[in-house]
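Dear colleague,

Please find below the sequence and the structure that I am handing over to you. A summary of what was found follows them.

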Amino acid sequence: MNRVHDVHSKNNILLKILSGFYLVSLGGHLLTGGGFADLSMPLSIALGSVIVLLVLCRRYPVVAMLLMICSPYLFLLSLMAIRLNPLNFILLGFAILVSLIYLDIRLVILSGLLYLITATYWSRVLFRAEMVAGSDRSDLVYAVIFDLYVMTFSWVLINLVKGRWSKSEHGLTSLNHILENIDITTWVYDLGSSRLSLSPGITRLTGLPADTFTDFRSLLELVDPADIPLVQHSQKEMIIGRREVLLECRLRRIKGDICWVQVRGTPQLNERGHLVHLEGVLIDITESKEREERMEYLAYHDDLTGLPNRAYFHMRLKQYSSDGTNNKALMFIDLDNFKDVNDTYGHHVGDRLLQEIAKRLFQQIRESDLICRLGGTNF
């Protein structure tokens, strides 16, 4: 399918090139005294119509390709049958080069053979008509040399380009393999069709196949409701503000659990400065987010009892002091003779005693209250 698509694309390009080729040929013919009545219009129109229909309808791409390679020679032969024009010799040399667009040496050889046939025919016409001073059969040698030179050049060029492509494709394959094995998903949102395209990494992230997400709303359905305003605001930033965005949000997996993702998005403009699509990556940061939350928890909580620690107490005390209310009470609790417990029964029993005391204290407070372990036996 990739090969067929490639031929279709190149057929479209070559059709445009040949249109210019025929316009130049026709213009040269008219400027040198020729007229439309001299041309074989029915044959030219019929052949041109067939080629245009095949290319535009994307049918039989190989047939369209072969017809476009042969058509310049047929056109030049028809012109030569009417009048010998030096411009046609220049265009004949150009005709052999049009096949290079397909980067296929077999097509270059075909075009080279057609060039030799056309050049041989012209050489005989010139020799019989004696229209060019000093022309003889040896002039054909120059056409053969030129033909061999162009085919050799084409062969070298094709191998060089394909070699570079092979290295690029190998690098792209390696990159795709890396992307498929890490928790990164690439995405492209086309603004013209409102279509969202995601790489296979989304399957490992959410458990759903990539073709499930056909538009932005289908992905937005998995976003945690609390994060939807943030995601929508970032989308507006890219579309209206045309700015890159970086945000973190939560997605709901197919199993029901939640994962954290970092979203990077970049607006892409065309050569006229018009916004055409958005693209970026989704990176699974669940593990790092959990580590971050764990570190934050450890920074503000006592590792033994699980209660908030001295740092958290001072932070909340400042908040309570600045909230404008006076209904506050502070109770300081210390355990007497706790050292005797450690010395008699061991520190592991002392630790269990602290845990049990923290549990009972926590059960006695209201939701609006706060209990902290400041350190040692101080609560």
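The lining of the largest pocket consists of 15 nonpolar, five polar and six charged residues. Here Ala, Val, Leu, Ile, Met, Phe, Trp, Tyr, Cys and Pro count as nonpolar, Asp, Glu, Lys and Arg as charged, and the others, Gly among them, as polar.

Please note that this is a predicted model, in which local features need pLDDT of at least 70 and side-chain atom pairs count only at pLDDT 80 or more, while totals for chains, interfaces and linings use all residues. Residues are numbered from 1 along each chain as its sequence is written, and side-chain values use heavy atoms, with hydrogens and water left out.

The largest pocket holds about 850 Å³ of space. Its lining has 26 residues, and those closest to the centre are Ala329, Leu330, Met331, Asp369 and Leu370. Helix α11 (residues 310-322) provides the largest share of this lining, six residues. Both pockets and cavities are found on a 1 Å grid over the protein atoms alone: a cavity is a set of points where a 1.4 Å probe fits but cannot get out, a pocket is an open set with protein on both sides within 12 Å along at least five of seven lines, and lining residues have an atom within 4 Å of a point. Grid points are joined across faces, edges and corners, and a volume is the space filled by probe spheres set on the points.

The protein chain contains 13 helices and five strands; helices (H or I, at least four residues) and strands (E, at least two) are DSSP runs, numbered from the N terminus. Of its 379 residues, 33% are buried, where buried means under 20% relative accessible area, exposed over 50%, and partly exposed in between (1.4 Å probe, protein chains only).

In soluble globular proteins, nonpolar side chains tend to be buried together. The largest nonpolar core has 30 residues, and Met68, Tyr73, Leu76, Leu92, Tyr102 and Tyr115 have the most contacts inside it. Such a core is a set of buried Ala, Val, Leu, Ile, Met, Phe, Trp, Tyr and Cys residues joined through side-chain atoms within 4.5 Å. The largest share of this core, nine residues, comes from α3. A second, separate core has 24 residues, including Phe216 and Val263.

Thr118 is found in helix α5. Is this residue buried or exposed? Thr118 is buried, as its relative accessible area is 1%. Leaving out residues up to four places away in sequence, Thr118 touches Tyr73, Leu77 and Leu92; a contact means heavy atoms within 4.5 Å.

Finally, most residues other than glycine have a negative phi. Arg242, in the loop between α9 and β3, has a positive phi of about 55° and is partly exposed at 42% relative accessibility. Asn337 has a positive phi of about 60° and is exposed, with a relative accessible area of 58%.

Yours sincerely
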